[in-house]
Each structure stands twice: as C-alpha cells, then as structure tokens.
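This report describes the fold, surface, core and charged pairs of the chain shown below. Please read it alongside the sequence and coordinates.

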Amino acid sequence: MSDMVPEVLNAAVDSLFTPKEPGEQEYQGVDGLLYCRNCHTPVQCRVKLWGRDKIVPCLCRCQQEAMAEKKRRDELVERQRKIR
C-alpha cells in the first residue's frame, strides 16, 4: 500500500498543475512559462515538488499590486468602521 502513495500523490499533482494555454491577457515566453501582457512578469513559476519540476500558477506584478491595494482599502474601511 505504501508503494502506491508516491504514485497517487504524483497523479494528483499532475492533475492539479496541468499546463494551460495562454489566455487573452497572457503570452508564452521562450522559457515555456506564461507571462502577463500588462506587466510582462510570469503568471507561472517552476517549483520542485517531490523531486520533480512542476509549473504552477503564481501572481504577476500587476496582480500582486492589485491585491496589495485591495488589502490597503480593506484595512482603511476597517479602521473607519472602528472609528465610527
């Protein structure tokens, strides 16, 4: 049974991180990763998982900035709520 665990985990990882086609806001770089058309930073990263290289989704710079701005706005709203 324990011999099957790595196979099951690898199959699960493969199904989660299947390569995808570039979307409308993405293009494929020479390294095979997808990049954002706006900020030209990767939206995919290579990681080593259980000794195998995998391509996984990651946030490009403009997505990171949008998340940081949303967090800042949410914190401001929360501060204003506490003040009231």
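## Basis and overall fold

Helices (H or I, at least four residues) and strands (E, at least two) are DSSP runs, numbered from the N terminus. The structure is a predicted model, in which local features need pLDDT of at least 70, side-chain atom pairs count only at pLDDT 80 or more, and totals for chains, interfaces and linings use all residues. Residues are numbered from 1 along each chain as its sequence is written, and side-chain values use heavy atoms, with hydrogens and water left out.

The chain contains 2 helices and 4 strands. Read from the N terminus, these elements follow the order α-β-β-β-β-α. Of the contacts in the chain (heavy atoms within 4.5 Å) with a separation of 6 or more, 21% are between residues 24 or more positions apart.

## Surface and burial

Residues are classed by relative accessible area: buried means under 20%, exposed over 50%, and partly exposed in between (1.4 Å probe, protein chains only). Of the 84 residues in the chain, 17% are buried. Gly-23 is found in the loop between helix 1 (4-16) and strand 1 (26-28). This glycine counts as partly exposed because its relative accessible area is 34%. Gly-23 and Cys-36 are separated by 13 residues in sequence and by 9.3 Å in space, C-alpha to C-alpha.

Two strands pair if DSSP finds at least two bridges between them. Strand 3 (residues 44-49) and strand 4 (residues 52-57) run antiparallel and are joined by 6 bridges. Cys-45 has Val-56, in strand 4, as its bridge partner. The hairpin has 2 residues between the strands, and Trp-50 there adopts a positive phi near 55°.

## Nonpolar core

A nonpolar core is a set of buried Ala, Val, Leu, Ile, Met, Phe, Trp, Tyr and Cys residues joined through side-chain atoms within 4.5 Å. The largest one has 5 residues, namely Leu-34, Cys-36, Cys-39, Val-43 and Cys-60. Leaving aside residues up to four places away in sequence, Cys-39 touches Cys-60, Arg-61 and Cys-62.

## Salt bridges

Side chains of opposite charge can pair when their charged atoms come close. A salt bridge is a side-chain nitrogen of Lys or Arg within 4 Å of a carboxyl oxygen of Asp or Glu, and the count by this rule is 5. One of them links Asp-53 to Lys-48, with the closest N and O atoms 3.3 Å apart. Both Asp-53 and Lys-48 are exposed.

In helix 2 (residues 61-83), Glu-69 and Arg-72 lie 3 residues apart, about one turn of the helix, and their side chains form a salt bridge at 2.6 Å, N to O. Glu-69 is partly exposed at 30% relative accessibility, and Arg-72 is likewise partly exposed, at 43%. Glu-69 also forms a salt bridge with Arg-73, whose closest N and O atoms are 3.8 Å apart. Arg-73 and Glu-69 are about one helical turn apart because 4 residues separate them in helix 2. Arg-73 is partly exposed, with a relative accessible area of 43%. Through shared partners, these salt bridges join Glu-69, Arg-72 and Arg-73 into one network.
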